There are 2 protein chains.
Amino acid sequence: MAGLIAPVARLIEEFSKLPGVGTKTAQRLTYHVLRASTDDARALAAALVAIKEEVAYCSICCNITEAGVDPCDICADPRRDASRICVVEEPLDVLAIERTGEFRGRYHVLHGAISPIDGIGPERLRVRELIARVEGGSGEVQEVILATNPNLEGEATAMYLADLLGPHVAAVTRIARGLPVGGDLEYADDVTLIRSLQGRRLVER
Amino acid sequence: MAGLIAPVARLIEEFSKLPGVGTKTAQRLTYHVLRASTDDARALAAALVAIKEEVAYCSICCNITEAGVDPCDICADPRRDASRICVVEEPLDVLAIERTGEFRGRYHVLHGAISPIDGIGPERLRVRELIARVEGGSGEVQEVILATNPNLEGEATAMYLADLLGPHVAAVTRIARGLPVGGDLEYADDVTLIRSLQGRRLVER
(Lines give C-alpha, C1' and ligand atoms only; values in the text may rest on other atoms or scores of the structure.)
Protein backbone atom coordinates (compact mmCIF):
# COMPACT_ATOMS: atom_id res chain seq x y z
CA MET A 1 0.00 0.00 0.00
CA ALA A 2 1.20 3.45 -0.87
CA GLY A 3 2.46 5.56 2.03
CA LEU A 4 3.06 2.60 4.32
CA ILE A 5 6.54 2.04 5.61
CA ALA A 6 8.01 -1.31 4.57
CA PRO A 7 7.91 -3.33 7.83
CA VAL A 8 4.29 -2.34 8.41
CA ALA A 9 3.24 -3.15 4.85
CA ARG A 10 5.00 -6.49 5.15
CA LEU A 11 3.22 -7.57 8.35
CA ILE A 12 -0.16 -6.46 6.94
CA GLU A 13 0.54 -8.60 3.89
CA GLU A 14 1.52 -11.64 5.97
CA PHE A 15 -1.54 -11.34 8.22
CA SER A 16 -3.76 -11.04 5.12
CA LYS A 17 -2.68 -14.53 4.07
CA LEU A 18 -4.43 -16.05 7.08
CA PRO A 19 -7.92 -17.42 6.46
CA GLY A 20 -10.75 -15.00 7.21
CA VAL A 21 -8.35 -12.06 7.57
CA GLY A 22 -9.00 -9.27 5.08
CA THR A 23 -6.94 -6.12 4.58
CA LYS A 24 -8.80 -4.14 7.24
CA THR A 25 -8.39 -6.88 9.86
CA ALA A 26 -4.75 -7.31 8.89
CA GLN A 27 -4.21 -3.57 9.43
CA ARG A 28 -5.92 -3.73 12.80
CA LEU A 29 -3.81 -6.72 13.88
CA THR A 30 -0.63 -5.03 12.64
CA TYR A 31 -1.28 -1.84 14.57
CA HIS A 32 -2.10 -3.93 17.61
CA VAL A 33 1.30 -5.60 17.33
CA LEU A 34 2.93 -2.17 16.90
CA ARG A 35 1.39 -1.03 20.17
CA ALA A 36 1.93 -4.32 22.00
CA SER A 37 5.16 -5.14 23.79
CA THR A 38 8.12 -6.53 21.90
CA ASP A 39 7.89 -9.64 24.10
CA ASP A 40 4.34 -10.33 22.92
CA ALA A 41 5.35 -10.02 19.27
CA ARG A 42 8.35 -12.27 19.82
CA ALA A 43 6.24 -14.85 21.66
CA LEU A 44 3.84 -15.11 18.71
CA ALA A 45 6.74 -15.29 16.27
CA ALA A 46 8.43 -18.02 18.31
CA ALA A 47 5.21 -20.03 18.57
CA LEU A 48 4.81 -19.85 14.79
CA VAL A 49 8.31 -21.19 14.21
CA ALA A 50 7.96 -23.81 16.95
CA ILE A 51 4.75 -25.29 15.62
CA LYS A 52 6.42 -26.12 12.33
CA GLU A 53 9.46 -27.61 14.04
CA GLU A 54 7.86 -29.45 16.93
CA VAL A 55 4.77 -30.94 15.34
CA ALA A 56 4.88 -34.26 13.49
CA TYR A 57 2.22 -36.67 12.26
CA CYS A 58 1.47 -40.04 13.80
CA SER A 59 2.46 -42.77 11.34
CA ILE A 60 -0.63 -44.79 12.30
CA CYS A 61 -3.58 -42.40 12.66
CA CYS A 62 -2.08 -39.35 10.88
CA ASN A 63 -3.12 -37.09 13.78
CA ILE A 64 -0.64 -34.45 14.88
CA THR A 65 1.84 -35.48 17.56
CA GLU A 66 4.85 -33.90 19.19
CA ALA A 67 8.02 -34.42 17.18
CA GLY A 68 9.68 -37.64 18.34
CA VAL A 69 6.45 -39.10 19.74
CA ASP A 70 5.36 -41.69 17.16
CA PRO A 71 2.93 -43.40 17.39
CA CYS A 72 0.91 -40.70 19.11
CA ASP A 73 -0.34 -41.03 22.69
CA ILE A 74 -3.71 -42.43 21.64
CA CYS A 75 -2.33 -45.02 19.21
CA ALA A 76 0.30 -46.04 21.78
CA ASP A 77 -2.28 -46.50 24.55
CA PRO A 78 -2.99 -50.25 24.97
CA ARG A 79 -6.25 -49.48 26.79
CA ARG A 80 -7.75 -47.99 23.63
CA ASP A 81 -9.96 -50.37 21.67
CA ALA A 82 -8.11 -51.16 18.43
CA SER A 83 -11.18 -52.74 16.86
CA ARG A 84 -12.90 -49.39 16.31
CA ILE A 85 -11.53 -46.55 14.18
CA CYS A 86 -13.25 -43.18 14.19
CA VAL A 87 -12.47 -41.29 10.97
CA VAL A 88 -12.44 -37.48 11.25
CA GLU A 89 -11.44 -34.59 9.02
CA GLU A 90 -9.19 -32.56 11.31
CA PRO A 91 -7.10 -32.89 14.49
CA LEU A 92 -9.56 -30.55 16.24
CA ASP A 93 -12.32 -33.10 15.63
CA VAL A 94 -10.32 -35.65 17.65
CA LEU A 95 -10.18 -33.15 20.50
CA ALA A 96 -13.92 -32.55 20.32
CA ILE A 97 -14.70 -36.29 20.52
CA GLU A 98 -12.10 -36.90 23.23
CA ARG A 99 -13.73 -34.16 25.28
CA THR A 100 -16.96 -36.19 25.44
CA GLY A 101 -15.20 -39.24 26.94
CA GLU A 102 -17.71 -41.36 24.97
CA PHE A 103 -15.30 -43.03 22.56
CA ARG A 104 -12.54 -45.41 23.66
CA GLY A 105 -11.42 -46.62 20.25
CA ARG A 106 -8.77 -45.10 17.97
CA TYR A 107 -8.84 -42.40 15.32
CA HIS A 108 -7.88 -41.71 11.78
CA VAL A 109 -7.40 -38.11 10.67
CA LEU A 110 -7.98 -37.44 6.96
CA HIS A 111 -6.70 -33.82 7.03
CA GLY A 112 -9.56 -32.56 4.93
CA ALA A 113 -12.60 -33.72 3.03
CA ILE A 114 -13.28 -34.46 -0.61
CA SER A 115 -14.18 -31.21 -2.35
CA PRO A 116 -14.19 -31.23 -6.16
CA ILE A 117 -14.87 -27.48 -6.18
CA ASP A 118 -11.56 -26.87 -4.37
CA GLY A 119 -9.79 -29.55 -6.40
CA ILE A 120 -9.42 -31.84 -3.39
CA GLY A 121 -9.80 -35.47 -4.33
CA PRO A 122 -9.25 -38.54 -2.13
CA GLU A 123 -5.59 -38.69 -3.16
CA ARG A 124 -5.01 -35.41 -1.27
CA LEU A 125 -6.37 -36.96 1.95
CA ARG A 126 -4.89 -39.65 4.20
CA VAL A 127 -7.14 -42.30 2.66
CA ARG A 128 -4.41 -44.70 1.60
CA GLU A 129 -3.18 -44.90 5.19
CA LEU A 130 -6.71 -45.70 6.37
CA ILE A 131 -7.14 -48.51 3.83
CA ALA A 132 -3.77 -49.94 4.87
CA ARG A 133 -4.83 -49.95 8.52
CA VAL A 134 -8.11 -51.72 7.80
CA GLU A 135 -6.68 -54.25 5.34
CA GLY A 136 -3.44 -54.82 7.18
CA GLY A 137 -4.97 -55.34 10.61
CA SER A 138 -5.62 -59.12 10.10
CA GLY A 139 -9.31 -58.61 10.85
CA GLU A 140 -8.59 -56.61 13.99
CA VAL A 141 -10.71 -53.64 12.89
CA GLN A 142 -14.38 -54.45 13.41
CA GLU A 143 -15.97 -51.04 12.91
CA VAL A 144 -15.08 -47.84 11.09
CA ILE A 145 -17.12 -44.87 12.31
CA LEU A 146 -17.31 -42.11 9.70
CA ALA A 147 -17.33 -38.88 11.70
CA THR A 148 -16.68 -36.41 8.89
CA ASN A 149 -18.67 -33.17 9.06
CA PRO A 150 -22.39 -33.30 8.22
CA ASN A 151 -21.98 -30.96 5.26
CA LEU A 152 -21.64 -31.48 1.51
CA GLU A 153 -17.92 -32.29 1.56
CA GLY A 154 -18.13 -34.42 4.70
CA GLU A 155 -21.06 -36.45 3.36
CA ALA A 156 -19.32 -37.00 0.02
CA THR A 157 -16.20 -38.16 1.86
CA ALA A 158 -18.24 -40.50 4.06
CA MET A 159 -20.00 -42.04 1.05
CA TYR A 160 -16.71 -42.49 -0.77
CA LEU A 161 -15.09 -44.17 2.24
CA ALA A 162 -18.14 -46.37 2.91
CA ASP A 163 -17.90 -47.78 -0.64
CA LEU A 164 -14.16 -48.26 -0.34
CA LEU A 165 -14.10 -49.82 3.13
CA GLY A 166 -17.30 -51.88 2.93
CA PRO A 167 -15.67 -55.07 1.60
CA HIS A 168 -12.88 -54.97 4.20
CA VAL A 169 -14.59 -54.41 7.53
CA ALA A 170 -17.58 -55.88 9.39
CA ALA A 171 -19.31 -52.55 10.00
CA VAL A 172 -18.99 -49.07 8.50
CA THR A 173 -21.14 -46.61 10.45
CA ARG A 174 -21.94 -42.90 10.14
CA ILE A 175 -22.52 -40.59 13.11
CA ALA A 176 -26.17 -39.62 13.56
CA ARG A 177 -27.54 -36.42 12.10
CA GLY A 178 -30.55 -34.87 13.75
CA LEU A 179 -31.66 -32.03 15.98
CA PRO A 180 -28.89 -30.75 18.25
CA VAL A 181 -29.63 -31.24 21.94
CA GLY A 182 -31.11 -28.04 23.35
CA GLY A 183 -32.21 -27.09 19.83
CA ASP A 184 -35.68 -26.04 18.79
CA LEU A 185 -37.76 -27.98 16.26
CA GLU A 186 -39.41 -24.78 15.09
CA TYR A 187 -36.11 -23.26 14.00
CA ALA A 188 -34.48 -26.39 12.57
CA ASP A 189 -33.67 -26.35 8.86
CA ASP A 190 -35.55 -28.76 6.59
CA VAL A 191 -32.63 -31.07 5.87
CA THR A 192 -31.84 -31.51 9.56
CA LEU A 193 -35.50 -32.19 10.29
CA ILE A 194 -35.69 -34.78 7.48
CA ARG A 195 -32.51 -36.47 8.80
CA SER A 196 -33.93 -36.38 12.28
CA LEU A 197 -37.12 -38.13 11.15
CA GLN A 198 -35.24 -40.66 9.03
CA GLY A 199 -32.97 -41.47 11.95
CA ARG A 200 -35.79 -42.05 14.45
CA ARG A 201 -35.45 -44.94 16.89
CA LEU A 202 -37.80 -47.03 18.98
CA VAL A 203 -38.19 -45.59 22.45
CA GLU A 204 -36.87 -48.12 24.94
CA ARG A 205 -39.15 -48.81 27.88
CA MET B 1 -6.60 -27.12 26.58
CA ALA B 2 -6.55 -30.76 27.53
CA GLY B 3 -5.43 -33.20 24.85
CA LEU B 4 -3.61 -30.59 22.81
CA ILE B 5 0.07 -31.07 22.19
CA ALA B 6 2.22 -28.26 23.59
CA PRO B 7 3.31 -26.36 20.44
CA VAL B 8 -0.26 -26.30 19.16
CA ALA B 9 -1.68 -25.13 22.50
CA ARG B 10 0.97 -22.43 22.61
CA LEU B 11 0.21 -20.97 19.18
CA ILE B 12 -3.53 -21.04 19.91
CA GLU B 13 -2.84 -19.10 23.09
CA GLU B 14 -0.67 -16.53 21.31
CA PHE B 15 -3.21 -16.01 18.53
CA SER B 16 -5.96 -15.57 21.15
CA LYS B 17 -4.14 -12.52 22.49
CA LEU B 18 -4.80 -10.63 19.24
CA PRO B 19 -7.79 -8.30 19.25
CA GLY B 20 -11.00 -9.82 17.93
CA VAL B 21 -9.53 -13.33 17.94
CA GLY B 22 -11.39 -15.76 20.20
CA THR B 23 -10.43 -19.35 20.99
CA LYS B 24 -12.27 -20.79 17.96
CA THR B 25 -10.63 -18.35 15.54
CA ALA B 26 -7.25 -18.95 17.17
CA GLN B 27 -7.71 -22.71 16.65
CA ARG B 28 -8.65 -22.15 13.02
CA LEU B 29 -5.61 -19.92 12.43
CA THR B 30 -3.34 -22.42 14.20
CA TYR B 31 -4.51 -25.35 12.08
CA HIS B 32 -4.12 -23.20 9.01
CA VAL B 33 -0.48 -22.56 9.94
CA LEU B 34 -0.01 -26.29 10.58
CA ARG B 35 -1.20 -27.02 7.05
CA ALA B 36 0.59 -24.08 5.44
CA SER B 37 4.19 -24.27 4.30
CA THR B 38 7.03 -23.74 6.75
CA ASP B 39 8.10 -20.77 4.62
CA ASP B 40 4.74 -19.04 5.14
CA ALA B 41 4.93 -19.54 8.91
CA ARG B 42 8.49 -18.25 8.97
CA ALA B 43 7.58 -15.22 6.86
CA LEU B 44 4.85 -14.22 9.31
CA ALA B 45 7.19 -14.81 12.25
CA ALA B 46 9.94 -12.73 10.63
CA ALA B 47 7.51 -9.89 9.84
CA LEU B 48 6.41 -9.85 13.48
CA VAL B 49 9.96 -9.54 14.73
CA ALA B 50 10.91 -7.01 12.05
CA ILE B 51 8.05 -4.64 12.80
CA LYS B 52 9.26 -4.24 16.39
CA GLU B 53 12.86 -3.73 15.28
CA GLU B 54 12.43 -1.58 12.19
CA VAL B 55 9.66 0.78 13.23
CA ALA B 56 10.36 4.00 15.13
CA TYR B 57 8.33 7.09 15.90
CA CYS B 58 8.87 10.49 14.31
CA SER B 59 10.12 12.90 16.97
CA ILE B 60 7.98 15.69 15.48
CA CYS B 61 4.59 14.23 14.53
CA CYS B 62 4.78 10.94 16.51
CA ASN B 63 3.71 8.98 13.42
CA ILE B 64 5.49 5.70 12.74
CA THR B 65 8.59 5.89 10.60
CA GLU B 66 11.27 3.47 9.52
CA ALA B 67 14.03 3.11 12.10
CA GLY B 68 16.73 5.70 11.33
CA VAL B 69 14.36 7.98 9.38
CA ASP B 70 13.61 10.83 11.77
CA PRO B 71 11.85 13.16 11.13
CA CYS B 72 9.49 11.09 8.99
CA ASP B 73 9.08 11.62 5.25
CA ILE B 74 6.12 13.96 5.69
CA CYS B 75 7.73 16.14 8.37
CA ALA B 76 10.96 16.28 6.36
CA ASP B 77 9.19 17.34 3.16
CA PRO B 78 9.68 21.11 2.68
CA ARG B 79 6.72 21.23 0.27
CA ARG B 80 4.29 20.35 3.06
CA ASP B 81 2.53 23.34 4.61
CA ALA B 82 3.92 23.68 8.15
CA SER B 83 1.19 26.14 9.17
CA ARG B 84 -1.49 23.43 9.32
CA ILE B 85 -1.43 20.42 11.61
CA CYS B 86 -4.00 17.69 11.23
CA VAL B 87 -4.41 15.77 14.51
CA VAL B 88 -5.43 12.11 14.17
CA GLU B 89 -5.72 9.14 16.50
CA GLU B 90 -3.76 6.47 14.64
CA PRO B 91 -1.11 6.07 11.90
CA LEU B 92 -3.79 4.46 9.69
CA ASP B 93 -5.75 7.71 9.81
CA VAL B 94 -2.78 9.50 8.25
CA LEU B 95 -2.84 6.97 5.43
CA ALA B 96 -6.56 7.47 4.90
CA ILE B 97 -6.17 11.27 4.62
CA GLU B 98 -3.05 11.00 2.45
CA ARG B 99 -5.00 8.75 0.08
CA THR B 100 -7.42 11.62 -0.64
CA GLY B 101 -4.63 13.98 -1.73
CA GLU B 102 -6.73 16.80 -0.24
CA PHE B 103 -4.44 17.80 2.61
CA ARG B 104 -0.95 19.24 2.09
CA GLY B 105 -0.16 20.21 5.69
CA ARG B 106 1.45 18.09 8.38
CA TYR B 107 0.12 15.62 10.90
CA HIS B 108 0.19 14.82 14.57
CA VAL B 109 -0.60 11.28 15.70
CA LEU B 110 -2.02 10.95 19.22
CA HIS B 111 -1.86 7.13 19.33
CA GLY B 112 -5.31 6.80 20.84
CA ALA B 113 -8.17 8.85 22.15
CA ILE B 114 -9.27 9.90 25.61
CA SER B 115 -11.38 7.12 27.10
CA PRO B 116 -12.07 7.30 30.83
CA ILE B 117 -13.81 3.89 30.68
CA ASP B 118 -10.55 2.29 29.51
CA GLY B 119 -8.48 4.43 31.89
CA ILE B 120 -6.91 6.39 29.02
CA GLY B 121 -6.37 10.03 29.95
CA PRO B 122 -4.57 12.72 27.92
CA GLU B 123 -1.28 11.84 29.62
CA ARG B 124 -1.33 8.47 27.81
CA LEU B 125 -1.56 10.22 24.43
CA ARG B 126 1.00 12.29 22.54
CA VAL B 127 -0.63 15.53 23.67
CA ARG B 128 2.45 17.08 25.26
CA GLU B 129 4.32 16.77 21.96
CA LEU B 130 1.45 18.51 20.17
CA ILE B 131 1.40 21.43 22.63
CA ALA B 132 5.16 21.77 22.26
CA ARG B 133 4.83 21.94 18.47
CA VAL B 134 2.12 24.59 18.60
CA GLU B 135 3.74 26.70 21.32
CA GLY B 136 7.32 26.23 20.12
CA GLY B 137 6.65 27.03 16.49
CA SER B 138 7.07 30.82 16.94
CA GLY B 139 3.59 31.42 15.52
CA GLU B 140 4.25 29.17 12.54
CA VAL B 141 1.17 26.98 13.18
CA GLN B 142 -1.97 28.79 11.99
CA GLU B 143 -4.52 26.01 12.12
CA VAL B 144 -4.95 22.79 14.02
CA ILE B 145 -7.49 20.47 12.38
CA LEU B 146 -8.95 18.00 14.85
CA ALA B 147 -9.54 14.83 12.84
CA THR B 148 -10.15 12.39 15.66
CA ASN B 149 -12.91 9.83 15.09
CA PRO B 150 -16.53 11.06 15.20
CA ASN B 151 -17.37 8.80 18.16
CA LEU B 152 -17.58 9.35 21.91
CA GLU B 153 -13.84 9.06 22.57
CA GLY B 154 -12.83 11.06 19.50
CA GLU B 155 -15.27 13.88 20.30
CA ALA B 156 -14.08 14.04 23.90
CA THR B 157 -10.49 14.18 22.72
CA ALA B 158 -11.32 16.92 20.21
CA MET B 159 -13.09 19.00 22.85
CA TYR B 160 -10.20 18.58 25.26
CA LEU B 161 -7.64 19.59 22.64
CA ALA B 162 -9.75 22.54 21.43
CA ASP B 163 -9.77 23.95 24.99
CA LEU B 164 -6.07 23.34 25.41
CA LEU B 165 -4.92 24.68 22.04
CA GLY B 166 -7.38 27.58 21.67
CA PRO B 167 -5.16 30.20 23.34
CA HIS B 168 -2.09 29.22 21.32
CA VAL B 169 -3.26 29.06 17.73
CA ALA B 170 -5.30 31.25 15.36
CA ALA B 171 -7.78 28.52 14.36
CA VAL B 172 -8.76 25.17 15.84
CA THR B 173 -11.11 23.35 13.48
CA ARG B 174 -12.97 20.03 13.57
CA ILE B 175 -13.65 17.88 10.51
CA ALA B 176 -17.29 17.94 9.35
CA ARG B 177 -19.74 15.33 10.48
CA GLY B 178 -22.72 14.61 8.27
CA LEU B 179 -24.16 12.12 5.85
CA PRO B 180 -21.53 10.03 4.11
CA VAL B 181 -21.41 10.54 0.34
CA GLY B 182 -23.47 7.84 -1.34
CA GLY B 183 -25.43 7.40 1.89
CA ASP B 184 -29.17 7.40 2.29
CA LEU B 185 -31.01 9.95 4.41
CA GLU B 186 -33.70 7.41 5.21
CA TYR B 187 -31.22 5.07 6.87
CA ALA B 188 -29.05 7.67 8.60
CA ASP B 189 -28.98 7.53 12.40
CA ASP B 190 -30.45 10.46 14.32
CA VAL B 191 -27.18 11.88 15.60
CA THR B 192 -25.65 11.93 12.13
CA LEU B 193 -28.78 13.59 10.76
CA ILE B 194 -28.72 16.24 13.50
CA ARG B 195 -25.00 16.90 12.84
CA SER B 196 -25.73 17.08 9.14
CA LEU B 197 -28.46 19.72 9.68
CA GLN B 198 -26.34 21.69 12.16
CA GLY B 199 -23.42 21.69 9.71
CA ARG B 200 -25.47 22.92 6.73
CA ARG B 201 -23.89 25.50 4.44
CA LEU B 202 -25.13 28.06 1.98
CA VAL B 203 -25.25 26.65 -1.53
CA GLU B 204 -22.84 28.59 -3.68
CA ARG B 205 -24.25 29.73 -6.99
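This is a predicted model: local features need pLDDT of at least 70, side-chain atom pairs count only at pLDDT 80 or more; totals for chains, interfaces and linings use all residues.
R106(A) is buried and yet has no salt bridge, the nearest side chain of opposite charge being that of E140(A), 6.0 Å away. Here buried means under 20% relative accessible area, with over 50% called exposed and the range in between partly exposed (1.4 Å probe, protein chains only). As for charge, Lys and Arg count as positive and Asp and Glu as negative, while His and the chain ends are not counted; a salt bridge is a side-chain nitrogen of Lys or Arg within 4 Å of a carboxyl oxygen of Asp or Glu.

A polar atom of the R106(A) side chain lies 3.1 Å from the backbone oxygen of D77(A). D77(A) is also among the residues that R106(A) touches when those up to four places away in sequence are not counted, a list including I74(A), P78(A), I85(A) and R133(A); contact means heavy atoms within 4.5 Å.

## How the two chains are related

## The interface of chain A and chain B

In the interface, 51 residues of chain A are in contact with 52 residues of chain B. The two chains bury about 4,800 Å² between them, 71% of it on carbon and sulfur atoms, where buried area is the accessible area (1.4 Å probe) that two parts lose on being put together, summed over both. In chain A, L48(A), I51(A) and K52(A) lose the most area to chain B, together 14% of what that side buries.

Between chain A and chain B there are 4 salt bridges, and E53(A) and R42(B) meet through their side chains in a salt bridge at 3.0 Å, N to O. Helix 3 of chain A gives the largest share of the side that touches chain B, 16 residues.

## Conventions

Residues are numbered from 1 along each chain as its sequence is written, and chains are lettered from A and ligands numbered from 1 in the order in which they are written. Local features need pLDDT of at least 70 and side-chain atom pairs count only at pLDDT 80 or more, while totals for chains, interfaces and linings use all residues, and side-chain values use heavy atoms, with hydrogens and water left out.

How values were computed. A polar contact is a pair of N or O atoms within 3.5 Å; within protein, one must be able to donate a hydrogen and the other to accept it, and residues adjacent in sequence count only if both atoms are side-chain atoms. Helices (H or I, at least four residues) and strands (E, at least two) are DSSP runs, numbered from the N terminus.
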